Amino acid sequence: MKMTKTLLATTALTLAGGAVAAQEMADSMTLVSWGGAYQNSQQQAYVVPYLEMNPDVSVTWDESSNEAVAQLRAMNEAGNITWDLVDVVASDAIRLCDEGLAMEVDHDEILAPGETESGEEVDPTDDFGDLIVSDCYIPQIVYSTTFGYRTDMVPDGAEPPNDICDVWDLETYPGQRALERRPINNMEWALLCDGVAKDEVYDVLATEEGQDQALAKLDEIKDEVIWWSAGADTPQLLADGEVFMGSTYNGRLYSVIEEQDQPVGMMWDAQVFDLDGWIIPEGLPEDRLNRVLDFVRFATDTQRLADQANYISYGPARDTSAPLVPEEMKQHMPTDPANSENTFLYNYEFWADYRDDIDAKFQSWLAQ
Amino acid sequence: MSDATADPGKIEGPTPDDPLAQAKALDNVDAQGRMLAADGTPLKKSLARSLRIQKLRALMLIAPLLLFVLLTFVAPIADMLFRSVENQIVSDTLPRTVEALQDWDYESGEAPDEPVFDALYDDLFLAAERREHTRLGSRLNYETTGISSLFRQTGRSVEDLGDAYLDQFEELNEAWEEEVVWAELMGSDQWLEEQRAWDEESGDPLPEFQLREGVATLLPETTRSFLNFVEFIRTEDQESPLDEEPWSRVYTGLYTDLMNEDVANYSGPHAELLQEADAAVADFETQTTKEFFLSVDEDWGDPRIWGTLEAFSPNYTSGYFLNAVDMQLTPEGAGLRDEDERIYGLLFKRTMFMSLVITFSCILLGYPIAYLLANLPMRSANLLMILVLLPFWTSLLVRTSAWKVMLQQQGVINDVLVWLGLVGDANRLVMINNQFGTIVAMTHILLPFMILPMYSVMSTIPPSYVRAAKSLGATNVTAFRRVYFPQSVPGIGAGSILVFILAIGYYITPEIVGGTTGTFISNRIAYHISSSLNWGLAAALGTILLAVVLILYWAYDRIVGIDNVKLGG
């Protein structure tokens, strides 16, 4: 009897607690993203349906993801967090988590279980798998950094470039290249084309000689490289015919090719996968946190992640979302089997350690 | 004073003392000969008071502005500059380790001994609970590559050492799992009573923890870690120690105590349990802290890691400033960086050089325009003025991007040159993403800041002077050189200071059109603020830049004279 009473009381308390939690949700949210087509895909796939279910909620976008790390630290020091949910790349998420600026989350608890085509439920940690690279990180999409080239500038008689080392082949493919003005990706590609085996790249790069080797390889094309810093640079340089080939995010190339009809082709060889996802800032008041958790649960479920692929050519981070991606979009996905014959996995832990060191070397090499 | 008045014969004619003497005659002087105001107070005093009131009133009038400037300008800058030396994070996060490390000598070439590792275990365990260890890891990773992942990984496994003891204690007797047993062992009866009465729903603060008498001497290590534990769950989690199993660190402490102390005479609560454990610990499987840390990551045996910790343990460090001048603070002391890592010296020099080039090209281009503006009839001058100001009304980004369109290899200028046949199609000029591009774009953007002060000075130069010079036989050149130009120099001075100081801190334009050879020091500062999060280094670079500008300003004042600078007539 006593047991039943206790149970009843607990149930009542839990129910009451649930009801209280439901009431204590803020009615506005500030989401932070990258702007442009990517943010639009999030708006269409996540926010619009969420607002249909919750008409009282208002959502504000802030296009500050590229400076999110610095801004969040400043907000944290000022003790005034104005953002509710922030879209960042994986390496930034790791740094934010390390600095205690992002909230650690229990993925199985806060995310919706994945749903396979046969209707089975999958634990979120299994569904996202290795893509959960940090305890603070809720991945959304997989994108890749890869090369685009001008189809009309391929010399007569030459095959279009289909090997990462074609970037170094100035004889067959004359013309300028566009590379990002930072060591990440460039150093790996250089080593790959200097004969280093794929699974040894980071071991080699960890040594001083390996770093010099990579820079020496980059030296071969240094005079022909335009170094970009914004994602929009390479598409622009390609469209203007300034460069023959250049690295950028695959979604940017997709819009140059499909939407702007430029004579540009994709070279998927040795594309480097990276992630984009949400972090929740540390220190949100309870009502705002409840609202964010409610939104994240909805916006990262199997269907919503698959929906996003309708608007942009980035692969959903959940395994269970992959079959739901529309057929005509699949061929543009970095994860499509035809495109991912030779991919390169970006080592976050390595770069978290070596970033400062190698960057100093790289910048000093650039400035010479 | 009376002496002076007593002997007036020495000075002929009126003296400053005369009015005093006259006033004395008027009875407005007190016994010491001081002049009095109308109300009887000494005149000097009353004058000083009225002056003070006036000053105070003036201060009150400017107070809002002063406060505003202090709060929004001086304070943030001072705070930012302070970050360039501030380094409390190491001693805050690892206080005991820093202390224990004082006995260790880097020159020995070996990792420190057991006591330092014990201290590290203690500090790191607490830091990992507070999730502060990764932050320290990224701070120290700026100095020695690899510390970031070392701390992250160790923070993840630091529980394991205690867990081994925890399991063995619990295997011995399941009572060690009970939160209440621990609370009764460590807490005083009075606290236990208060804690039991505490109701979570009431929202009352948790009662202050009180140690059981004698337990601190009986089990010193256990006590210390248990106090850390209680303090942490009380303040961070608002949890009662009656509901929480102690951290694994507490079990390690208990093991150490039982090995070192004698508990046979103890008769408090759970005495039997304690004595049973005391008998058993000798057979426990053990691992020293040092062995444990080395098994987590063998880098803990590397003296360089410890040397870095030691070198950066003081609360204030010169490390950031050394980094900013291409040096580094290593365990061996300050030294130059490897040649292939030096960049800031080059960037500072380049920033100076290019800012000077930009300033001079602004003078060259701006002077004739300002001259025209000042000498044309009103109507045409106004039109010209609008053209000068037009760029101000366009976004900086648009103007910079427009230069890209103009200067790139497939751009307007190259296309025209190729069309005219001046350059071959294969040899198009490289005019952007290098120094040339930065200089052109920045000269264009900063030109109005040169023209406006020049114009306002030139428009006050009376044309009659030049006419007079000519009527006295000077040629056009001489009249300009000897009469007009000297009068326009203050305008050049003002414009140069404006343009140079703006140029030296410029960031957006070099970022977009600078490529690799046209970037400034401010681009690196921006990188450290927003990407690498190394704010200390960014602050040090900023401080040096500020100092350089102030020194240049001082030198300018000595050479040209700041009085010769005019922003207007």
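**Note on the domains, interface and helix packing of the model**

1. In chain A, the C-alpha centres of domain 1 and domain 2 are 30 Å apart; the bounds of these domains come from an automatic or database domain assignment. That assignment gives 25-136 + 280-330 as domain 1 of chain A and 147-273 + 349-367 as domain 2.

2. This is a predicted model, in which local features need pLDDT of at least 70 and side-chain atom pairs count only at pLDDT 80 or more, while totals for chains, interfaces and linings use all residues. Residues are numbered from 1 along each chain as its sequence is written, and chains are lettered from A and ligands numbered from 1 in the order in which they are written.

3. Between the two domains of chain A, seven residues of domain 1 are in contact with six residues of domain 2 (contact: C-beta atoms, placed from the backbone, within 7 Å). On the domain 1 side, helix 2 (36-53) and helix 4 (90-98) of chain A are the elements that give two or more residues. Helices here are DSSP runs of H or I with at least four residues, numbered from the N terminus. By class, that side has five nonpolar, two polar and no charged residues. Nonpolar covers Ala, Val, Leu, Ile, Met, Phe, Trp, Tyr, Cys and Pro; charged covers Asp, Glu, Lys and Arg; the others, Gly among them, are polar.

4. Between the chains, 30 residues of chain B are in contact with 27 residues of chain A. Helix 7 (133-141), helix 8 (147-172), helix 18 (344-375) and helix 26 (521-530) of chain B each supply at least two residues of the chain B side. Helix 7 of chain B gives the largest share, five residues. The chain B side comprises six nonpolar, 16 polar and eight charged residues.

5. Helix 18 of chain B also packs against helix 22 of chain B at an angle of about 45°, with their axes 6 Å apart. Axes are lines fitted to C-alpha atoms, for helices over the stretch in contact, and angles run from 0 to 180 degrees between N-to-C directions.

6. B:R131 lies in the loop between helix 6 (114-129) and helix 7 of chain B, and B:N433 in the loop between helix 21 (412-420) and helix 22 (435-458). B:R131 is partly exposed, with 16 other C-beta atoms within 10 Å, whereas B:N433 is buried, with 26. Buried requires 20 or more such atoms, exposed 12 or fewer, and partly exposed lies in between, with C-beta atoms placed from the backbone.
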